[in-house]
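This briefing covers strand pairing and aromatic contacts. The sequence and structure come first, and the notes follow.

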Amino acid sequence: MRKNNLYRTVLAILFLNISGCKTEEEKSMVFEIHNEMNAELSKVQVVAAGFPTSRLLVEKENLSAGNTYQQSVRFKSLPDSEGSYELKLTEATQTRTFRFGYFTNGAAFDKRFSLRVKKDTVLVESVRRELWR
C-alpha cells in the first residue's frame, strides 16, 4: 500500500512540475524586421526605451533589400520601467527612428512584432500575448 501512495505522490509532483513550467516561447517575444526598400540598411536596432534606462534588444548589421531578420528576445531583457520600443534604421545617408508598442514594469503586452520597413514609413503588426492564465 505504501508503494502505491509513494508512486501516486511522485506522479502528482511530476505532473504539477511539468504543467507549471513555461515554455521558452512563453518567456520571450519575437521581432521580425522586413526590409521592403530598394536599399540596404547598414544597421537595424530595436531598443526598449524606458525611463530612466533603455536597453538594446535587437541589432542586425547589413540587412539587404528584400530580406527579413528575426530574433527572439527574453521578457526579462526589458527594463523594469514603463516605455515603448524604438526601431532605429541606419541607412547610407541618414538614421531614422520609429516608436511603436508599449511595455510596463518589465512586462511586454505583445509576443510578436512584425515590422515592414518601407521607403518613408514602417508598418507594424503585433500579436498580443496572454498575460494571465
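In this predicted model, tyrosine 85 and phenylalanine 113 are both buried. Their rings pair with centres 5.3 Å apart and planes at 65 degrees; an angle over 60 counts as edge-to-face, so this pair is edge-to-face.

**Aromatic pairs**

- Tyrosine 85 belongs to strand β5 (residues 83-90) and phenylalanine 113 to strand β8, so their pair ties together parts 28 residues apart in sequence.
- Tyrosine 102 and phenylalanine 109 form a stacked pair, with 5.5 Å from centre to centre and 5 degrees between the planes.
- Tyrosine 102 is partly exposed, at 33% relative accessibility, and phenylalanine 109 is partly exposed at 23%.
- The model has eight aromatic pairs.
- A cluster linked by ring pairs consists of Phe31, Tyr85, Phe100, Phe103 and Phe113.

**Five-stranded sheet**

- This open sheet runs in the order β3-β2-β5-β6-β7, and its pairing is antiparallel.
- Its edge strands, β3 (54-63) and β7 (107-108), each pair on one side only.
- Two bridges join β7 to strand β6 (residues 95-104) in the antiparallel sense.
- Threonine 104 has alanine 107 in β7 as its bridge partner.

**Four-stranded sheet**

- The order in this open sheet is β4-β1-β8-β9, with mixed pairing.
- β4 (68-74) and β9 (122-128) are at the edges with a single partner strand each, so one side of each has no neighbour in the sheet.
- On average, neighbouring strands of this sheet are turned by 15 degrees against each other, direction ignored.
- Strand β8 (residues 110-117) pairs with β9 in the antiparallel sense over seven bridges.
- Arginine 112 has valine 127 in β9 as its bridge partner.

Technical notes. Residues are numbered from 1 along each chain as its sequence is written. This is a predicted model: local features need pLDDT of at least 70, side-chain atom pairs count only at pLDDT 80 or more; totals for chains, interfaces and linings use all residues. Side-chain values use heavy atoms; hydrogens and water are left out. Two strands pair if DSSP finds at least two bridges between them. Axes are lines fitted to C-alpha atoms, for helices over the stretch in contact, and angles run from 0 to 180 degrees between N-to-C directions. Rings of Phe, Tyr and Trp (its six-membered ring) pair if their centres lie within 6.5 Å; planes under 30 degrees apart count as stacked, over 60 as edge-to-face and the rest as tilted. Buried means under 20% relative accessible area, exposed over 50%, partly exposed in between (1.4 Å probe, protein chains only).
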